[in-house]
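Please open the structure in your viewer and keep the selection panel at hand.

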Amino acid sequence: SVLNSLRLDELRVGLNLTEPFIGWHVRLHVQDELRIGKCPNIEQHLQALRLVARRYKLKKVFVASDDPEVVQKAQQLCPELEFSSNLAFDRSVLSQCS
């Protein structure tokens, strides 16, 4: 609906996502998955992000993670991309966009 579109637009502006970006959902601390090799490490994630960024000529990456260190580590390992997130984001806002 139009109302939902307006809410999503407000959300994007509030998160500084007004231009095309890559969305990256990260759960690096799923220990059992990491231990048995089913979960990629951050370097593998970044390799895939670089490929997508190059292919689509994008620089911005929005990180959805509950781990505050992910953005810092990603920026350190992949300085050619601009990483951002909003750990303080109130997820209850999303329930209004159904």
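Begin by selecting valine 61. Apart from residues up to four places away in sequence, valine 61 touches Ile22, Trp24, Leu49, Leu81, Glu82, Phe83 and Ser84; contact here means heavy atoms within 4.5 Å.

A note on the model is needed before the next stop. This is a predicted model, in which local features need pLDDT of at least 70 and side-chain atom pairs count only at pLDDT 80 or more, while totals for chains, interfaces and linings use all residues. Residues are numbered from 1 along each chain as its sequence is written, and side-chain values use heavy atoms, with hydrogens and water left out.

**The whole chain**

Now display the protein chain as a cartoon. It contains 4 helices and 3 strands, and along the sequence they follow the pattern α-β-α-α-β-α-β. Helices (H or I, at least four residues) and strands (E, at least two) are DSSP runs, numbered from the N terminus. Of the 98 residues in the protein chain, 28% are buried; buried means under 20% relative accessible area, exposed over 50%, and partly exposed in between, with a 1.4 Å probe and protein chains only. Among contacts with a separation of 6 or more, 59% are between residues 24 or more positions apart.

**The nonpolar core**

Which residues have the most contacts inside the largest nonpolar core? Select Trp24, Leu46, Leu49, Val61, Val63, Leu81 and Phe83, which hold that place in a core of 16 residues. A nonpolar core is a set of buried Ala, Val, Leu, Ile, Met, Phe, Trp, Tyr and Cys residues joined through side-chain atoms within 4.5 Å. Two or more residues each come from strand 1, helix 3 (42-56), strand 2 (60-64) and helix 4 (69-77). Helix 3 gives the most, with 4 residues.

**The aromatic pair**

Keep Trp24 and Phe83 selected and show their rings. Rings of Phe, Tyr and Trp (its six-membered ring) pair if their centres lie within 6.5 Å; planes under 30 degrees apart count as stacked, over 60 as edge-to-face and the rest as tilted. By this rule there is 1 aromatic pair. Tryptophan 24 and phenylalanine 83 form this tilted pair, at 6.0 Å centre to centre and with 55 degrees between the planes. Tryptophan 24 belongs to strand 1 (residues 22-25) and phenylalanine 83 to strand 3 (residues 82-84), so the pair ties together parts that are 59 residues apart in sequence. Both tryptophan 24 and phenylalanine 83 are buried.

**Two residues of strand 2**

Select valine 63, which lies in strand 2. Valine 63 is buried, with a relative accessible area of 2%. Beyond its neighbours within four places in sequence, valine 63 is in contact with Trp24, Val26, Val70, Val71, Phe83, Ser84 and Ser85. From C-alpha to C-alpha, valine 63 and phenylalanine 83 are 6.8 Å apart, although 20 residues apart in sequence.

Is lysine 60 buried or exposed? Lysine 60 is buried, with a relative accessible area of 12%. Its contacts, leaving aside neighbours within four places in sequence, are Asn16, Glu19, Pro20, Phe21, Ile22 and Glu82.

**Helix 3 against helix 4**

Finally, select helix 3 and helix 4. Ile42, Glu43, Leu46 and Arg50 in helix 3 meet Val70, Lys73, Ala74 and Leu77 in helix 4.
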